[in-house]
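Subject: the model you asked for

Hi,

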Amino acid sequence: MPTVVIGVGSNSDHKNNIRQALDNLQREFGNLLISPIYKSAPADTQISSEKISATEACYYLNLVVSFESTQEIAIVKSCLRAIEQQQMRERNTDIVSIDLDLLLYGSWVGDLGARKIPHDDIELCEFVLRPLAELLPENIHPVNGYTYRQLWEDVKPRLLLTPVAFDWT
């Protein structure tokens, strides 16, 4: 049974949207493993962490969720889109109620629509790699062969990531 890893993010009514997404994911897929949550500036911010604080408007909260699933990869992806729609996710807007990205599906490697699996954000985005490295430190990236802990240790941080207290109840 493959381990599925989902990136979860929100920049609007953060904690409520994340709580609702976790409830929906648990209802759909069962038991979830959840990483710590981090606050950050938007990924497309071209300002270094010394010049922008993650407490400014439009900050994001990001985490990674993992679960085991017998569902086919396309079904998992479809379920994620349905949860986003249920939570009023609109594309092409600066307000993101919830973003659910399929990062990993076991050791599966390939294209799924417009996205590659494993998702490129694992190696490109600190707000994805750091929580992934904390949740599954010894799991191995199916393409490059490094553990997520090793990948995180090699990062030269450019983004201010602040841990956020979160109670999912």
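**Ground rules and confidence**

This is a predicted model, so local features need pLDDT of at least 70 and side-chain atom pairs count only at pLDDT 80 or more, while totals for chains, interfaces and linings use all residues. Residues are numbered from 1 along each chain as its sequence is written, and side-chain values use heavy atoms, with hydrogens and water left out.

On pLDDT (the predictor's confidence in each residue, from 0 to 100), the protein has a mean of 88, and 87% of its residues reach 70 or more. The stretch to watch is residues 46–56, where pLDDT is below 50. Beyond near neighbours in sequence, that stretch has 16 contacts in the model (contact means heavy atoms within 4.5 Å).

**Overall layout**

There are 5 helices and 8 strands; these are DSSP runs numbered from the N terminus, with helices being H or I of at least four residues and strands being E of at least two. Reading from the N terminus, the order is β-α-β-β-β-α-β-β-β-α-α-α-β. Of the 169 residues, 44% count as buried (buried is under 20% relative accessible area, exposed is over 50%, partly exposed is in between, with a 1.4 Å probe and protein chains only). Taking contacts between residues at least 6 apart in sequence, 69% join residues at least 24 apart.

**The cores**

A nonpolar core here is a set of buried Ala, Val, Leu, Ile, Met, Phe, Trp, Tyr and Cys residues joined through side-chain atoms within 4.5 Å. The largest has 26 residues, and the members touching the most others are Ile 6, Val 8, Ile 18, Leu 25, Leu 80, Leu 100 and Leu 102. At least two residues of this core come from each of β1 (3–10), α1 (14–29), β4 (60–68), α2 (73–86) and β5 (99–105). A second, separate core has 17 residues, among them Ile 122, Cys 125, Leu 129 and Leu 135.

Leaving aside neighbours within four places in sequence, Leu 80 contacts Ile 6, Leu 25, Phe 29, Leu 100, Asp 101 and Leu 102.

**Helices**

The axes of α1 and α2 come within 11 Å and cross at roughly 145° (axes are lines fitted to C-alpha atoms, for helices over the stretch in contact, and angles run from 0 to 180 degrees between N-to-C directions). Where do α1 and α2 meet? On the α1 side the residues are Gln 20, Asn 24, Leu 25, Glu 28 and Phe 29, and on the α2 side they are Val 76, Cys 79, Leu 80, Ile 83 and Gln 86.

Asn 17, also in α1, is buried because its relative accessibility is 10%.

Apart from neighbours within four places in sequence, Ile 73 is in contact with Leu 102, Tyr 105, Trp 108, Leu 112 and Ile 117. Ile 73 and Ile 117 sit 44 residues apart in sequence and 10.0 Å apart in space, C-alpha to C-alpha.

Helix α4 (residues 126–135) is largely enclosed by the rest of the structure, because 8 of its 10 residues are buried.

Most residues other than glycine have a negative phi, and most peptide bonds are trans. Ile 117 and Pro 118 are joined by a cis peptide bond, with omega about 5°. Pro 118 is in the loop between β7 (115–117) and α3 (121–124). Asp 13 has a positive phi of about 45° although it is not a glycine. Asp 13 lies in the loop between β1 and α1 and is partly exposed, at 47% relative accessibility.

**Cysteines and the end of the chain**

With a disulfide taken as a pair of cysteine sulfur atoms within 2.5 Å, the count comes to 0. Cys 79 is buried at 14% relative accessible area, and Cys 125 is buried at 14% relative accessibility.

Asp 167 is in the segment after β8 (162–164) and is partly exposed, at 48%. Asp 167 and Lys 15 are 152 residues apart in sequence and 8.9 Å apart in space, C-alpha to C-alpha.

Cheers
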